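I opened this entry to look up a few parts of the fold.

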Amino acid sequence: MYSNSLLAIVIGSLSTTAQGHAIETRINNGLGRTPALGWNSWNAFGCSDASASAALIAANQFVNLGLKDLGYQYVNIDDCWHTMSRSSSGQLVPDPKKWPNGIAAVVNQIHGMGLKFGLYGDAGTKTCAGYPGSQGHETQDAQLLSSWGVDYWKYDNCYTPCNGAVPQTCWSPRDTKSWYTLFGNALKNVQHPMLFSLCSWGLDNVWAWGDSVGNSWRTTGDIANNWASVASIAAKGATISQYSVPGGFNDWDMMEIGNGGLTEAEERAHFGLWAIGKSPIILGTNLAKIKASSLAIIKNAGILKINQDSLGKAATYFVPSGQSQPVSGQLYPFWAGPLSDGVVVGIVAASGAKTFSVNFKDVPGLGSGTYTWQEMYSGKTGTGTSVSVSLSNHDMAVYKITPAGTTTPTPVTSSVPSTTSSAGGGGQGTVAKYGQCGGLGYSHSVFCQNVPKYCCFVVTGAPSCICPRSSLRPMRRYWLLWSKDLRIWSLLCCDQ
Ligand code: GLA
């Protein structure tokens, strides 16, 4: 047990309000004080390569490509690293074909390179791809991971209890906090510290309690390899920015940079938004094949520094004078957030190429006065009372702004609309917002309004996908899961 955690537990159990409700204390394992930087196998390889060689190739690429020197640290293997059943003593078993020397040998090698190693598990009876989950084995699994030296544990949400059954995904009623707390407590009692990453898909307002249980929490269903998905996750992030703090961050999901579904401009915006939103940046592409333009983006030192700023405060929307208000569920161009040594301003051409101007007096945290600025993608610098930039469709500019003289700071306020669209739900028919389109649990056709996209749908047991512009492509990543359960993942739309 690490002593900080022990202290947190003791303080937590002693602290009660007059009504006798326990005051929740932040998980205090000393990890994740800035958002995690790393790589994960899932977006690159899915179930096909959750292996020692995939981990070691990624680790070597961290060193060879200079990513390690920039702070990328975690090499994480996602679903499908195990065998389909536990051992006779109830232990999780690494697939010997994928891990010929076991997990600990790989962890040691990766530690020897000055990097860290992460694994994936699930709170239910099975992982999302059907491998053994940790339900009923929390303590045993936490101890095994610790004995291997695992540094990061992503904990998924499939096959958890629901209405007396264990469907692949339960929407209601559910108590995600209870099963995340169970494993979080098990981790507090093992020797090797592990960053605890809750893969809870934004359910049950996880941002409101996640930091008492883990170090980061997913804010939405799975990212897809297209702009609409990136934009919708970022729009969600703007509404919950205040919950990110050192030690506990909103996790906007793993990156799709390098996977071919985004233009170069969109890759810049994906990276810039995740960075200023203080999301973990977990790369999700095959680093052995990454193209030069994508590599340049993920190696942007100025933007990584903003993401890793010690203040740990996430940027959110602000409304410059004369601009329209943000629309719930839609990506808005203007973002700002405080840094320990200045302010970050992000501008994203969310709805087409445009020239944008921002007066610094409109920016929360700045005021009337002269500032020095630097744009992190172009490297341009300047001094003045405003900036102006012409951006191509979906491109982004990221400014770091510091005082150049006496200033009158503007109070930091948020202009985020109070209503948000949420992913998920169930049933049949029409949903009004793109953010609600798809999601697990729809059992009939679902049609999304207000967006130029259409959702695919499947019917229980039959992998039929109805897409107005044809193509079964968007469903391909989940074909393994079709046979037993209905599974429609959020943002699986047919516009690729
Ligand atoms: C869920 C998670 C993904 C990935 C897959 C693996 O969909 O949200 O990030 O881990 O499971 O099956």
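Predicted model: local features only at pLDDT ≥ 70, side-chain atom pairs only at ≥ 80, totals over all residues.

L37 belongs to β1, residues 37-40. I checked how β1 and β8 run, and they pair in the parallel sense over 3 bridges.

**The whole sheet**

Next I traced the strand order. I found an open sheet of 8 strands, ordered β7-β6-β5-β4-β3-β2-β1-β8, with parallel pairing. I then looked for the edges. They are β7 (249-251) and β8 (281-283), and each pairs on one side only. I also looked up the twist, which averages 25 degrees from one strand to the next.

**Helix α3**

I moved on to α3, residues 52-64, which has 13 residues. From first C-alpha to last, α3 reaches 18 Å, close to the 18 Å expected at 1.5 Å a residue. Which residues of α3 are buried? I listed A52, A54, A55, A58, A59, Q61 and F62.

**Ligand shell**

Last, I looked around the ligand. I found W42, D78, D79, Y120, T127, C128, A129, D156, C199 and D222 surrounding the ligand. I sorted this shell by class and got 5 nonpolar, 1 polar and 4 charged residues.

Technical notes: Residues numbered from 1 in each chain as written. Near = placed C-beta within 6 Å. Nonpolar A, V, L, I, M, F, W, Y, C, P; charged D, E, K, R; others polar. Pairing = 2+ DSSP bridges. Helix = DSSP H or I, 4+ residues; strand = E, 2+ residues; numbered from the N terminus. Axes fitted to C-alpha atoms, helices over the stretch in contact; angles between N-to-C directions. Expected span 1.5 Å × (residues − 1). Buried ≥ 20, exposed ≤ 12 C-beta atoms within 10 Å, placed from the backbone.
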